[in-house]
Amino acid sequence: MTKDKSKDLEKNQSKDSQSLPPMGFEVIKREFMKDKLALLSLIVFILILLFLYVAPFFLNLESATKVQIFNRYMAPGSVADTGHTYLLGADEGGRDVLAQLILGGRNSITIALIVTALTMIIGLVVGIVSGYYGGRVDNFIMRLVDFVMIIPGFILFITLNTILKANTVLGISLTFSVIYWTSYARLFRTRTLSEASKDYINASKTMGTRDWKIMLTELLPNISSLIITQLVLSMAGNIGLETGLSYLGFGLPIGTPSLGTLIGTAKTADIIENKQWVWLPAALFILVLMLCINYIGQAVQRSTDARQRLG
């Protein structure tokens, strides 16, 4: 009898485990398996990252990006006197467009990754502290956030970049991060306010658990879905932000490739109409990147909302 009971218990436990809804990353995985376009976008995005960060180890980028005025505006597939093949053609300085695209894409994505990580960390810390403590602490922090937000971001970035001359990948990333963390602080503060009023937080406070431990081990996991969604969605915006500023001449200097500086070479009607290989690869590259991140972000966002899930 006892053996039969134990077998019945095991069967019931296995049935219960099978009937439980998926949790955490299992939900995201299932959502990507249901949405083939999002899965394809994720694969393409990973391949792009691998290509941009691995290709420089196999290419002589120094010689490919060297100015060779006699090879200026060579068409795609042309072979120079030195034997170098311009797969995507050459620009006005005779530099290989493919090598420029690899370096430019790597610089733009590196800036976007650093800015996304730093702004999320700053916004998360400020938002959680403000929402958790509330009262005077929340008032003080929110007035500081309001002060930073009323200053136009573009003007503040250009001013800081001009004063500090921070026109390197790291310098631009840090300058962006100092300016654009405020929206995340407000978002996470709002979510923390609703979570901090719930019973599990009050129970932990009653038991004498330290505030930092409550914020890290109990509050933070409960807003993790929002954090992941914002990480993905803000990535595309930060790529566009860096590209736009570099295109206008306020980002990376002309000698340092980025997606914005590559598109910025389309200055005349002749280049736009007759020498599309100079700027078109960068424009198409940005389009593919934005589409991939958009579809990935939509899948992640659906996985955090039970009402929108595909399965």
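Hi everyone, let's start with Asp 35: at 16% relative accessibility, this residue counts as buried, where buried means under 20% relative accessible area, exposed means over 50%, and partly exposed is in between, using a 1.4 Å probe and protein chains only. Before going on, a word on the model: it is predicted, so local features need pLDDT of at least 70 and side-chain atom pairs count only at pLDDT 80 or more, while totals for chains, interfaces and linings use all residues. Residues are numbered from 1 along each chain as its sequence is written, and side-chain values use heavy atoms, with hydrogens and water left out.

So, which residue forms a salt bridge with Asp 35? The partner is Arg 302, and the closest N and O atoms are 2.6 Å apart. By salt bridge I mean a side-chain nitrogen of Lys or Arg within 4 Å of a carboxyl oxygen of Asp or Glu. Arg 302 sits in helix α15, residues 280-304, and Asp 35 in the loop between α2 and α3, so this pair links distant parts of the chain, 267 residues apart. For helices, we take DSSP runs of H or I with at least four residues, numbered from the N terminus. Arg 302 is buried too, with a relative accessible area of 13%.

Arg 302 has another partner to show you. Its side chain meets that of Glu 31 in a salt bridge of 2.8 Å, N to O. Glu 31 lies in helix α2, residues 25-34, so this pair with Arg 302 in α15 ties together parts that are 271 residues apart in sequence. Glu 31 is buried, as is Arg 302.

Now for a pair elsewhere. Arg 186 forms a salt bridge with Asp 146, the closest N and O atoms being 2.2 Å apart. Arg 186 is in helix α9 (residues 182-196) and Asp 146 in helix α6 (residues 135-150), so the bridge ties together parts 40 residues apart in sequence. By the rule I gave, the count comes to nine salt bridges.

Last, a helix pair. Helix α10 (residues 199-206) and helix α11 (residues 211-222) pack at an angle of about 175 degrees, with axes 11 Å apart; the axes are lines fitted to C-alpha atoms over the stretch in contact, and angles run from 0 to 180 degrees between N-to-C directions. That makes α10 roughly antiparallel to α11, a label for angles over 145 degrees.

Technical notes. Helices (H or I, at least four residues) and strands (E, at least two) are DSSP runs, numbered from the N terminus. Angles under 35 degrees count as roughly parallel, over 145 as roughly antiparallel, 65 to 115 as roughly perpendicular and the rest as oblique.
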